[in-house]
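Hi everyone, thanks for coming. Let's take a look at the structure together and walk through it piece by piece.

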Amino acid sequence: MNLLVTAGATREPIDPVRYLTNRSSGKMGYALALAGQQLGHRVTLISGPTSLDIPSLVDFIPVETAKEMLEAVKLNIGAQDAAIFSAAVADYRPSFISDRKIKKTTDSLTLELVRNPDILGSARHQFKYDGILVGFAAETENLETNARTKLRQKECDLVVANDISKKGIGFDSDHNEVLLVYPEHTRPIPTESKERLAYTILRAVDDLRVEGG
Ligand code: CTP
């Protein structure tokens, strides 16, 4: 199948030397892209900047900002059988990007932020994508309820939910413990490496494709 994966954190510039980002390492998305390639799928990996090696034999599209990621998804999603959105997209970006380095001339500085586009949310609603759609939810409370709300709002087939308040899993870690949240049920997956979890998620995607005919 054709598989699209978004990965990594986006980077939202403030001025020529500064940006806003988050702690996502990109490991989960890269593990998904690699596992997909090893299972014989044609993988398109759209990624924000990370320190990871680019998996060979995948179509790799590097991006920096959420707006660039949205454009890359828009151009590529039509050809996909499944799309997994694991990127940690910055929800906000500075409303103004200074073309000169901001100098420290005042005691305080206020940055105004504006909402970024919701890329996963655009898949069904704007891009009219009708393949298998998988989102991620990183939560510190009410994990299953919040994940289910995302599943419904963004019309996903599956949301992979992880509790980022737990130490040693999730963001920046090599392991993760997740809930696979489906419209009608939830399947807890015990802690495993992101490499193994990637195969678990891809098996779940395959099952959804079989169920969907
Ligand atoms: N996502 C996206 N584009 C965004 C934000 C998130 O594609 N601008 C995707 C992520 O890749 C992930 C899922 O949406 O698959 C996360 O959902 P989201 O509701 O954005 O999570 P939070 O930012 O944690 O949401 P909230 O602050 O509403 O809890």
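**Around the ligand**

Okay, so let's begin with the ligand. The residues around it are Phe85, Ala87, Val89, Asp91, Pro117, Asp118, Ile119, Leu120, Gly135, Phe136, Lys150 and Lys154.

What you see is a predicted model, where local features need pLDDT of at least 70, side-chain atom pairs count only at pLDDT 80 or more, and totals for chains, interfaces and linings use all residues. Residues are numbered from 1 along each chain as its sequence is written, and side-chain values use heavy atoms, with hydrogens and water left out.

Asp91 has a polar side-chain atom 2.8 Å from a ligand oxygen. Pro117 uses its backbone: an N or O atom there sits 2.8 Å from a ligand nitrogen. Phe136 has a polar backbone atom 2.8 Å from an oxygen atom of the ligand. And how much of the ligand's accessible area does the protein cover? On its own the ligand has 580 Å², and the protein covers 72% of that. These areas come from the Shrake-Rupley method with a 1.4 Å probe, and for residues only the protein chains shown count as cover.

**Salt bridges**

Next, salt bridges: a side-chain nitrogen of Lys or Arg within 4 Å of a carboxyl oxygen of Asp or Glu. How many does the structure hold? There are nine, and I'll show you some.

Lys150 pairs with Glu139, and their closest N and O atoms are 2.5 Å apart. Lys150 is in helix H4 while Glu139 is in strand E9 (residues 132-139), so this pair ties together parts eleven residues apart in sequence. By the way, helices (H or I, at least four residues) and strands (E, at least two) are DSSP runs, numbered from the N terminus. Are these two partners buried or exposed, or in between? Lys150 is partly exposed, because its relative accessible area is 25%, and Glu139 is buried at 10%. The cut-offs are under 20% for buried, over 50% for exposed, and partly exposed in between, with a 1.4 Å probe and protein chains only.

Now look at Asp157 and Arg124, with closest N and O atoms 3.0 Å apart in their salt bridge. Asp157 is in the loop between helix H4 (143-153) and strand E10 (158-163), and Arg124 is in helix H3 (residues 119-125), so they tie together parts 33 residues apart in sequence. Asp157 is partly exposed at 23%, while Arg124 counts as buried at 14%.

One more pair: Glu144 and Arg148, at 3.6 Å between the closest N and O atoms. Both sit in helix H4, four residues apart, which is about one turn of the helix. Glu144 is partly exposed at 36%, and Arg148 is buried at 18%.

**Loops and a surface patch**

Let's visit some loops. Leu57, between strand E4 (42-47) and E5, has a phi near 65°, a positive value in a residue other than glycine. Leu57 counts as exposed, with 70% relative accessibility. Glu155 isn't a glycine either, and its phi is positive too, about 55°. You'll find Glu155 in the loop between H4 and E10, where it is partly exposed at 43%.

Thr65 is in the loop between strand E5 (59-62) and helix H2 (66-76), and it is buried at 14%. Leaving out residues up to four places away in sequence, Thr65 touches Thr10, Arg11, Glu12 and Pro13; touching means heavy atoms within 4.5 Å.

Last stop, the surface. Which residues form a nonpolar patch? They're Tyr92, Leu111 and Leu113, with about 260 Å² of accessible area together. Patches use residues with over 30% relative accessible area and no salt bridge, joining like charges within 9 Å and nonpolar side chains (Val, Leu, Ile, Met, Phe, Trp, Tyr) within 5 Å. Tyr92 itself lies in strand E7 and is partly exposed at 41%. That's my tour, thanks!

How values were computed: Near = heavy atom within 4 Å. Polar contact = N/O pair within 3.5 Å; in protein donor to acceptor, adjacent residues only side chain to side chain.
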